[in-house]
Amino acid sequence: MKQVELIMLSKSVPFTKDIIPVVRLFNEYFGTGMSSIVFQELREAKGLAYTARANYAGPYRKDRSFYITTFIGTQNDKLPEAMKGMKDLIDNMPESNKSFETAKQSVLNQIRTERITKMNILATYENMKRLGIDYDLRKDVYAKVPLMTFADVKTFQEKYMKNKNFIVLALGKKDQLDVNTLKNYGNIKYLSLEEIFGY
């Protein structure tokens, strides 16, 4: 293919429900959706990616950790700028009051309109139970997000995202990959189909 897909992955802190409200707001502001900073900067403003997103992802069990995950789909020749752009955004998150207020309203509107029905009631209960939570965690998010300021999101970014080490996974045609750029981010290991799929 004429493009490369990149995932950047970093293990973060063990699960705690206390940071879930700011995680939800941070993800909405920074990296998920078409109005997020990552999408707007890398795809819309700079044209460096077909798609781009970033997420501070929570685990499904209380004994597991959060992970920082990013995804970039870009052209081979834009690989250096796209990777640098993503890393720069992670380490130096820009401030946009308009985007922040949009993100805040989006989180609240999602909770207002979301309905847990039928089999999802049991699934949600089991998911919360695995995290050691015995109530609907959306209550915390809905109560705390309206009180948050950009400073809360910035503090979160500086503590949990900035200057972290990443494992980079690159998928593309081997002879068209910019190996020199990838070497700047660490040692390169090529995986075989057998290593990936097991056969």
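Reader: What does the side chain of Asn76 reach?
Author: This is a predicted model. In it, the Asn76 side chain reaches the backbone oxygen of Lys2, at 3.3 Å.

Reader: Where is the place of Asn76 in the chain?
Author: Asn76 sits in the loop between β3 (65–75) and α3 (79–91).

Reader: Is Asn76 buried or exposed, and why?
Author: Asn76 has 13% relative accessibility. Buried means under 20%, so Asn76 counts as buried.

Reader: And how much of the protein chain counts as buried?
Author: 37% of its 199 residues.

Reader: New topic. How many helices and strands are there?
Author: The protein chain has nine helices and four strands.

Reader: In what order do the elements run from the N terminus?
Author: The order is β-α-α-β-β-α-α-α-α-α-β-α-α.

Reader: What radius of gyration does the chain have, and what would a compact globule have?
Author: The protein chain has 18 Å. A compact globule with 199 residues would have a value near 16 Å, so the two agree.

Reader: What box do the C-alpha atoms fill?
Author: Roughly 50 × 45 × 30 Å, taken along the principal axes.

Reader: Which share of the contacts joins residues at least 24 apart?
Author: 78%, counted among contacts between residues at least 6 apart in sequence.

Reader: Last one, charges. How many positive and negative side chains are there?
Author: There are 31 positive and 23 negative side chains in the protein chain. The centres of the two sets lie 3 Å apart.

How values were computed. Residues are numbered from 1 along each chain as its sequence is written. This is a predicted model: local features need pLDDT of at least 70, side-chain atom pairs count only at pLDDT 80 or more; totals for chains, interfaces and linings use all residues. Side-chain values use heavy atoms; hydrogens and water are left out. Helices (H or I, at least four residues) and strands (E, at least two) are DSSP runs, numbered from the N terminus. Buried means under 20% relative accessible area, exposed over 50%, partly exposed in between (1.4 Å probe, protein chains only). A polar contact is a pair of N or O atoms within 3.5 Å; within protein, one must be able to donate a hydrogen and the other to accept it, and residues adjacent in sequence count only if both atoms are side-chain atoms. The radius of gyration is taken over C-alpha atoms; the globule rule is 2.2 Å times the number of residues to the power 0.38. Contact means heavy atoms within 4.5 Å. Lys and Arg count as positive and Asp and Glu as negative; His and the chain ends are not counted. The place of a charge is taken as NZ of Lys, CZ of Arg, CG of Asp or CD of Glu.
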